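Good morning, colleagues. I would like to walk you through one model, taking a few residues in turn. Please look at the sequence and the structure as I speak.

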Amino acid sequence: MTSTASFGTFEHDADIGVRGRGATLAEAFASVGRALTSVVTDPASVREVLAVEVSAEAADPEVLLFDWLNALVFEMATRRVLFARYEVRVDGPSLSARAFGEPVEVARHHPAVEVKGATWTGLRVSREGDSWVAECVVDV
């Protein structure tokens, strides 16, 4: 199976949009997690020295994305960590994941901004051809 996973950001007024694509919904959510990290620093600069369990639950895929991103923002802020990679499982309304990363090292990670949270703006989860797309604007 060829992976279609990718992540990126897009401009939105004073905030930043994050987008993830993947062959599955779980892969798209993992990719949008990397996009969230990329708002702060290059995910490739983050070592995987710890794992954090993250979960969310919502009947609607867009609300699940909103809750997922805010759970990641909470973990990053309270633990003072950045994540390089995400293993995500989506089973109906339930998302369970492991986020792999390390504590922030300002001199090495050069954090660009602090993400305050996901917003309802531009919130979208949909199928596009053979892949899933998950996107949202985050408040910085």
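Let me begin with a term: a residue is buried if its relative accessible area is under 20%, exposed if that area is over 50%, and partly exposed in between, with a 1.4 Å probe and protein chains only. The model is predicted, so local features need a pLDDT of at least 70 and side-chain atom pairs count only at pLDDT 80 or more, whereas totals for chains, interfaces and linings use all residues. Residues are numbered from 1 along each chain as its sequence is written, and side-chain values use heavy atoms, with hydrogens and water left out.

I turn to T119. Its relative accessible area is 18%, and T119 is therefore buried. Helices (H or I, at least four residues) and strands (E, at least two) are DSSP runs, numbered from the N terminus. T119 belongs to the loop that lies between strand 6 (117–118) and strand 7 (124–128).

Which residues does T119 contact, leaving aside its neighbours within four places in sequence? They are F66, C136, V137, V138 and D139, where contact means heavy atoms within 4.5 Å.

A polar contact is a pair of N or O atoms within 3.5 Å; within protein, one must be able to donate a hydrogen and the other to accept it, and residues adjacent in sequence count only if both atoms are side-chain atoms. A polar atom of the T119 side chain lies 2.7 Å from the backbone oxygen of V137. The T119 side chain also reaches the backbone nitrogen of T121, at 3.2 Å.

Next, the hairpin. Two strands pair if DSSP finds at least two bridges between them. Strand 7 and strand 8 (residues 131–139) run antiparallel and are joined by five bridges. R124 stands opposite E135 of strand 8. Two residues separate the strands of this hairpin, in which G129 takes a positive phi near 65°.

Finally, consider M76 and V81. M76 is found in helix 2 (residues 61–79), and V81 in strand 4 (residues 81–91). M76 counts as buried because its relative accessibility is 11%; V81 is likewise buried, at 4%. Beyond four places in sequence, V81 touches L50, E75, M76, E102, P103 and V104. With the same exclusion, M76 is in contact with L36, V40, V81, L82 and F83. The C-alpha atoms of M76 and V104 are 9.0 Å apart, with the two residues 28 places apart along the chain.
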